[in-house]
Structures are given as structure tokens and as C-alpha cells.
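Have a look at it first.

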Amino acid sequence: MEDCIFCKILKGEIPNHTVYEDKNVLAFLDIYPHAKGHTIVIPKVHAETYFDLNEELLTSFSNGVKRAMENVQNKLQPDGFNVGWNQNKVAGQVVPHLHMHIIPRYEGDGGGSIHSIIKNPGEKTVDEISKLFE
Ligand code: 5GP
Ligand code: ZN
């Protein structure tokens, strides 16, 4: 897509520090890292969110995330990871090209868990919400 910054990286118009690459995905170091080795994984097709990838592309994307994590593990030996993505503006998505954040975690790094993103469960009980899925 024309002015998508990650598509520009894919086309080689913007340089990147590659962590892992195959025919379907590219993983590269985040330029504003939140942790040592913070890595971004993107599908090579422009898709804005997870909903926009079909099953086949999701499988290759997921495989690419694992391979990128393995490379980070081998080079930096983190003690763990938080891995996830921001979907849509409300959740913090800035670049509108689906990307998985691989955030390596190190003992004593002072970071939180995925639970630290939000603590605002709303008024409805879990039982009430569960009825929507029956
Ligand atoms: P988002 O907030 O959309 O989930 O995350 C976008 C991420 O992409 C941010 O962590 C930001 O630092 C990273 N980023 C934005 N532009 C570039 C770029 O040109 N190169 C690299 N390597 N990372 C970028
Ligand atoms: Zn794009």
C-alpha cells in the first residue's frame, strides 16, 4: 500500500535491521524499542488487522513469529517474552499494517504483564457477558 511505512520497509525504501525473513513474513528490530531486542513481525501482504488475514496467511504469520522469537532467544537469551499486537487505534495501533510485537523480558527489567494494559472490566458480570456466547 502506497504510504504504508511497513510496506515501504518491505519494498526496501526504508532500511531495517532484519531478525528473520521468509517468503511470507519479515521480522525486524523496532526503532523505538521498549526492551532489548524488541522486534516487529509483519506479513508481506498489506493487511490492517488480524481479521484481514486468511487462515493460510495466519499460519505462516504465526510460524514467522515463532522463528523470530527463536532468533531473539538465541542471540539475546531473554528470560521470557510478551508477544502481542495492538488492534485499531483504541488499542494503540499506530501503523495500519498488522504487526506482532515481540518484547523480550529479562529478570528485574521492571516491566509488567499483559494484565497491566487495562483494568476496566465494565459494569456487567462475567455471567452476564457469558450469555452473549451461548
Ligand atoms: P503500534 O503502536 O502501531 O503497535 O507499533 C508500531 C511500532 O513500529 C512502534 O513500536 C514503532 O516504534 C515501530 N516503528 C514505526 N516506524 C518504524 C520504522 O520505520 N522502522 C522500525 N524498525 N520500526 C518502526
Ligand atoms: Zn502496509
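**Around the ligand**

Of the 15 residues around ligand 1 (a residue counts if one of its heavy atoms lies within 4 Å), the ones that come nearest are Leu29, Asp30, Val94, His99 and His101. Keep in mind that this is a predicted model, where local features need pLDDT of at least 70, side-chain atom pairs count only at pLDDT 80 or more, and totals for chains, interfaces and linings use all residues. Residues are numbered from 1 along each chain as its sequence is written, chains are lettered from A and ligands numbered from 1 in the order in which they are written, and side-chain values use heavy atoms, with hydrogens and water left out.

Now for the polar contacts, meaning pairs of N or O atoms within 3.5 Å. A polar backbone atom of Leu29 is 2.8 Å from a nitrogen atom of ligand 1. On the oxygen side, ligand 1 has an oxygen atom 2.9 Å from a polar backbone atom of Gly92, and a backbone N or O atom of Val95 lies 2.9 Å from an oxygen atom of the ligand.

Which element gives the most to the shell around ligand 1? That's H1, with three residues; helices here are DSSP runs of H or I with at least four residues, and strands are runs of E with at least two. Helix H1 (5-10) and strand E2 (25-29) each supply at least two residues of that shell.

Technical notes: Polar contact = N/O pair within 3.5 Å; in protein donor to acceptor, adjacent residues only side chain to side chain.
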